[in-house]
Amino acid sequence: MSDSKETLNQRKQDALPRGNAVMCDWFVSSAENATLRDTEGREVIDFAGGIAVLNTGHRHPKVVAAVAEQLQKFTHTAFQIVPYESYISLAERINQRVPVEGPAKTAFFSTGAEAVENAVKIARAYTGRHGVITFGGSFHGRTMMTMAMTGKVAPYKQDFGPMVPSVFHARFPVENEVTVEQALDSLEDIFHYDIAPHNVAAIVLEPVQGEGGFRVAPSEFMTALRKLADQHGILLIADEVQSGFARTGTLFAMENFEVKPDIITMAKSLAGGFPLSAVSGRAEVMDAPNPGGLGGTYAGNPLSIAAAHAVLDVIDEEQLCQRSQQLGSELVSSLQELQSRCPAIKQVRGLGSMVAAELKDAAIAKKVQTAAMDEGLLLLTCGQKGNVIRFLYPLTIPTEQFRQGLTILTRALQQYAV
């Protein structure tokens, strides 16, 4: 018998630092596809997906089989010491599909923040410049560099001292708050007040802001950024750590726009629950750092590489891009219908299955989240004010279970979003 939930929570409190905030007061014992089971035998429908990591679901059989097969061969050599073919073939597969102009190259790492940080290194090496521009409401990671790039103070930056220099924040277009013109003006303000454009290496943005509230970059804004970057010799970097691998209805969210970035970062659902991230970009840009300038002991771990190969197979074989569009369309329709009866639902937005419902305030969002959890549906909140519910269910979720989750969600919203 395992310890009780209460005992486990006490052990957690005694053993872990306060900064390791944990949302749930229950503990998982097993998981399969879109179902979590806790240590007390309760089943929960997972609309969180490990924060966008499980587009192919918990323990997809093909992912598990691929990792099990690799376990029988070797688990680690450090690719930069002793290489393996699977790393190269995965890079080749991604290079063929990543939406950048011309030939692409890819390097693998372990976490999303690591990918973003290396993208900045590559941009600086290619341009010979130091400045980085990101946007308010963005999230790029928790390392010192990516924390500086993140456009939200609490809880990510507060109490951690001076941020890394040469990082500047422009405004991100927000419907009814910040127009595209105002956002572009804020970039020009940075060029006038903070850093000359010829000193800027990269503009980095999420095509769909994740922690910022699933805000989709307007197409005209993305087009203007590409034009501005080209005008000043600045690289455009798309942070697709949360939006990649079929979440938005295309393999990469940038496929929804007419322009292409110079570099794309990816992680999360790339390897179906195993730690793996990547930086892909135009070949000449990716070749800028000198040999040894990129890498890491665990970068491109062979178990994670095997999982990623399986993930790409599953996305294609199970048509998860189309599935993402279908599920997202049903969710959006359901939320929009509820909006007429639940005035606290201010806005419904998203691309594919990267969908969010913005509520009147954080207190209502928390009540809806808690009510859903009480009925066995796991939801996540996000947004600058914590008033957005985001949906990150596995794209492999059975239709019946998906609709069961929508029924629970509907009851919670009808109860508190009035």
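In what order do the strands of the open sheet run, and what is the pairing? The views below take that up piece by piece. Everything here comes from a predicted model, where local features need pLDDT of at least 70, side-chain atom pairs count only at pLDDT 80 or more, and totals for chains, interfaces and linings use all residues. Residues are numbered from 1 along each chain as its sequence is written, and side-chain values use heavy atoms, with hydrogens and water left out.

**View 1. The open sheet.** 7 strands line up as S4-S10-S9-S8-S7-S5-S6, with mixed pairing. S4 and S6 (167-170) sit at the edges with a single partner strand each, so one side of each has no neighbour in the sheet. Neighbouring strands are turned by 20° against each other on average, direction ignored. For the terms: strands (E, at least two residues) and helices (H or I, at least four) are DSSP runs numbered from the N terminus, and two strands pair if DSSP finds at least two bridges between them. Axes are lines fitted to C-alpha atoms, for helices over the stretch in contact, and angles run from 0 to 180 degrees between N-to-C directions.

**View 2. S10 and its two partners.** S10 (residues 277-282) is mostly covered, with 6 of its 6 residues buried (under 20% relative accessible area, 1.4 Å probe, protein chains only). S4 (residues 104-109) runs antiparallel to S10 and is joined to it by 6 bridges; here Thr 106 stands opposite Ser 280. S9 (residues 263-266) is also antiparallel to S10, through 4 bridges, and Ile 263 has Gly 281 as its bridge partner.

**View 3. A parallel pair, S7 and S8.** S7 (residues 200-205) and S8 (residues 235-239) run parallel, joined by 4 bridges. Leu 205 is partnered with Ala 238 in S8.

**View 4. Helices across the sheet.** H5 (residues 112-127) lies across S4, S5 (131-135), S7, S8, S9 and S10, at about 25° to S10. H7 (residues 180-193) lies across S5, S6 and S7, at about 150° to S6. Contact means heavy atoms within 4.5 Å.

**View 5. Who lines the second largest pocket.** S4 gives the most to this lining, with 5 residues. By class, the lining has 10 nonpolar, 7 polar and 2 charged residues, where Ala, Val, Leu, Ile, Met, Phe, Trp, Tyr, Cys and Pro count as nonpolar, Asp, Glu, Lys and Arg as charged, and the others, Gly among them, as polar.

How values were computed. Buried means under 20% relative accessible area, exposed over 50%, partly exposed in between (1.4 Å probe, protein chains only).
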